[in-house]
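Please look through the model shown here alongside its sequence. The paragraphs after it go from the overall fold to single residues.

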Amino acid sequence: MQQTFSNSLNDQIKERSTGLQAENPDLIGKTIMIVEDVPSNYQLLYAYFSKCGVKIIHVDNGVDAVAMISDGVKVDLIIMDIRLPKLNGLMATQQIRTFRKDIPIIAQTAFAMQSDREMCLKAGCDEFLAKPFRKQELMRIMSKLI
Ligand SMILES: [Mg+2]
């Protein structure tokens, strides 16, 4: 369930010196939870983080996301899909917000309308991204939150 990009300090130092790493050096060593049910969407996000020195926790439904946060799994930021099995991303965010107000949550959804953005922010998300989005867009939003 967990995948780690760079375990060794050497790897992290190497990455820190690359142009890509300069996008957001604050991400190094952080844990990002990606809540996404479609494997290809998850793979794309995973690739976006490939040179960031972060740990990725992948969850494919809202129930597991809430359970892991409630169990105290250390997560620095959550990327939350909205259309999810078992419990959608809006409800999962609302539940997480009842006990954790501090973890930044970025909502992401396809076929987004302005009303989606408003619903996400109202549910407790900090930011909203309409799929498909570019890596640069994600990094820009993340740098405001982490
Ligand atoms: Mg989905």
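What follows describes the fold, then the strand pairs and the helix packing, and then a few individual positions.

The model is a predicted one, in which local features need pLDDT of at least 70 and side-chain atom pairs count only at pLDDT 80 or more, while totals for chains, interfaces and linings use all residues. Residue numbers start from 1 along each chain as its sequence is written.

The protein has 6 helices and 6 strands. Helices here are DSSP runs of H or I with at least four residues, strands are runs of E with at least two, and both are numbered from the N terminus. Along the sequence the order is β-α-β-α-β-α-β-α-β-α-β-α. Of the 146 residues in the protein, 32% are buried. A residue is called buried if 20 or more other C-beta atoms lie within 10 Å of its own, exposed if 12 or fewer do, and partly exposed in between, with C-beta atoms placed from the backbone. Contacts are residue pairs whose C-beta atoms, placed from the backbone, lie within 7 Å. Among the contacts in the protein with a separation of 6 or more, 66% are between residues 24 or more positions apart.

The strand pairs come next. Two strands are said to pair if DSSP finds at least two bridges between them. Strand β2 (31-35) pairs with strand β3 (residues 55-59) in the parallel sense, over 5 bridges. I32 has I56 of β3 as its bridge partner. Between β2 and β3 the chain passes through helix α2 (residues 39-48), and this β-α-β crossover is right-handed. Right-handed means that, with the strands pointing away from the viewer, the path from the first strand over the helix to the second runs clockwise.

Strand β5 (105-110) pairs with β4 in the parallel sense over 4 bridges. I78 is opposite I105 in β5. The chain goes from β4 through α4 to β5 in a right-handed β-α-β crossover. With β6 (residues 127-131), β5 runs parallel and is joined by 5 bridges. T109 has A130 of β6 as its bridge partner. A right-handed β-α-β unit is formed by β5, α5 and β6.

How much of β5 is buried? Of its 6 residues, 5 are buried, so strand β5 is mostly covered. A110 lies in this strand and is partly exposed, with 13 other C-beta atoms within 10 Å. The C-alpha atoms of A110 and A130 are 5.7 Å apart, although 20 residues separate the two along the chain.

Helix α4 (residues 89-99) and helix α5 (residues 114-123) have axes that come within 8 Å and cross at roughly 20 degrees. Such axes are lines fitted to C-alpha atoms over the stretch in contact, with angles running from 0 to 180 degrees between N-to-C directions. The crossing makes α4 roughly parallel to α5; angles under 35 degrees count as roughly parallel, over 145 as roughly antiparallel, 65 to 115 as roughly perpendicular and the rest as oblique. L90, T93 and Q94 of α4 meet M119, C120 and A123 of α5 in this contact. By class, the contact has 4 nonpolar, 2 polar and no charged residues. In this scheme Ala, Val, Leu, Ile, Met, Phe, Trp, Tyr, Cys and Pro are nonpolar, Asp, Glu, Lys and Arg are charged, and the others, Gly among them, are polar.

Which residues of α4 are buried? They are G89, L90, A92, T93, Q95 and I96. Their cover includes β2, α3 (62-70), β4 (77-81), β5 and α5. An α-helix has 3.6 residues a turn, so residues three or four places apart point the same way.

Some backbone features lie in loops. Most residues other than glycine have a negative phi, and most peptide bonds are trans. K86 is not a glycine but has a positive phi of about 70 degrees. This residue, K86, is in the loop between β4 and α4, and counts as partly exposed with 14 C-beta neighbours inside 10 Å. The peptide bond from K131 to P132 is cis, with omega near 0 degrees. P132 is placed in the loop between β6 and α6 (135-145).

A further loop position is D26, between α1 (9-16) and β2. D26 is partly exposed, with 13 other C-beta atoms within 10 Å. Its C-alpha atom is separated by 9.2 Å from that of C52, 26 residues away along the chain.

How values were computed
Two residues are in contact if their C-beta atoms, placed from the backbone, lie within 7 Å.
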